[in-house]
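Student: I have a model open and want to learn how to read it. Where do we start?

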Amino acid sequence: MNILVSLAAVAVVFLVGLLGAVPGLGWIFGVILPYLAVAVFLGGVVWRILSWANVPVPFRIPTTCGQQKSLSWIKPQELENPSGTAGVVGRMALEVLCFRSLLRNTKTQQIDDGRRLVYATDIWLWLGALAMHWTFLLILIRHLRLITNPVPTAVTFLESADGFFEIEVPVIYATSVIFLVAVTYLLLRRLISPTVRYISLAADYFPLFLLLGIGISGFCLRHLWKTDVEGIKRLAVGLTGFSPTVPDTIGPLFYGHLFLVCVFLAYFPFSKLMHMGGVFLSPTRNMANSNRRVHHVNPWDYPVKVHPYDEYEDELRDKMKAAGLPLERE
């Protein structure tokens, strides 16, 4: 049911976006909704980051799986158990750029008719997630050619490197194909695996269908559908310069693609996709494990009147003596 609801929602979003080609609606779908989506995206991201940053973390709770720094003759593992800022930066860089914890994720499988339980690294999940995120980033950078004039040299170089296969005209970019394959794999993994499908919610399927819709519609715009690229660039440059113009030559497929992107931007801050920013504020990742070397005081502690044992004994001495309990002082 979650699958069908998510798929139907993305299909409706795309069909509604096609209405942008209707005369008189281009300004709404080409200008107002993109501006609104970007405003919701930026405001939502700032709100989520500030709300997380204001949560106090009185204790150091880094997740560790290696030797902590202690005696000089015991070799520590700085990336597994960082003791200072350098180790935290290295660990965070591997986490953000290489998804290191996901690579260390293990899956279980029963063999020999269920008599043995085997643990193994889920390498395909790591490769699929890594490919999807990196290609998505490169595709976003490639799209800078639509909003810049002249196009930066770095973007031009990336385009030439991305399309070095030079298959067909226009050139098929490697990142576009890899992105679609990676998103399809991650979606099929949720559909085929019974255990993963059991714990999957509509919030897990919707972003995947949304990304798949964005990727397929963008691929069709470039290779299967006649598109007014010059008109799209005029629209994009006008939007970034806050002087938008909406050419009448832009087709409905572009508006469907653009509306999917707008929904993705507006949905991003309020979904699980915000792990992009949350990973930097995770105390299990951004803290050094210096509990043995540094005395950490809980900032929530406040002075309270304590009742030590000697006062307790003086208060109840007669009763303790009558009950035969041993006393430290007579």
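Tutor: Start with a term. A pocket's lining residues have an atom within 4 Å of a point in the pocket. Keep in mind that this model is predicted.

Student: How do we find empty space at all?

Tutor: Rolling a probe the size of a water molecule over the atoms shows where empty space is left. Here, the second largest pocket holds about 250 Å³ of space.

Student: Which residues line the second largest pocket?

Tutor: Among them are Lys-107, Asp-122, Tyr-185, Arg-189 and Ile-199. The elements giving two or more residues to this lining are β1 (106–111), α7 (174–192) and α8 (194–199). By type, the lining has 3 nonpolar, 4 polar and 3 charged residues.

Student: Now helices. How many residues does α11 have, and how far does α11 reach?

Tutor: Helix α11 (residues 252–267) has 16 residues. From first C-alpha to last, α11 reaches 22 Å, close to the 22 Å expected at 1.5 Å a residue.

Student: Which residues of α11 are buried?

Tutor: Buried means under 20% relative accessible area. In α11, the buried residues include Leu-253, Phe-254, Gly-256, Cys-262 and Phe-264. Their cover includes α1 (2–17), α2 (26–53), α5 (123–142), α9 (202–223) and α10 (229–240).

Student: How many disulfides are there?

Tutor: A disulfide needs two cysteine sulfur atoms within 2.5 Å. The count here is 0 disulfides. For Cys-65, the nearest cysteine sulfur is that of Cys-98, 16 Å away. For Cys-220, the nearest is that of Cys-262, 19 Å away.

Student: Why does Cys-65 count as partly exposed?

Tutor: Because its relative accessibility is 46%.

How values were computed. Residues numbered from 1 in each chain as written. Predicted model: local features only at pLDDT ≥ 70, side-chain atom pairs only at ≥ 80, totals over all residues. Heavy atoms only, no water. Buried < 20%, exposed > 50% of the residue type's maximum accessible area, 1.4 Å probe, protein only. 1 Å grid on protein atoms, 1.4 Å probe; cavity = no way out; pocket = protein on both sides within 12 Å on 5 of 7 lines; lining within 4 Å. Points joined across faces, edges and corners; volume = space filled by probe spheres on them. Helix = DSSP H or I, 4+ residues; strand = E, 2+ residues; numbered from the N terminus. Nonpolar A, V, L, I, M, F, W, Y, C, P; charged D, E, K, R; others polar. Expected span 1.5 Å × (residues − 1). Contact = heavy atoms within 4.5 Å.
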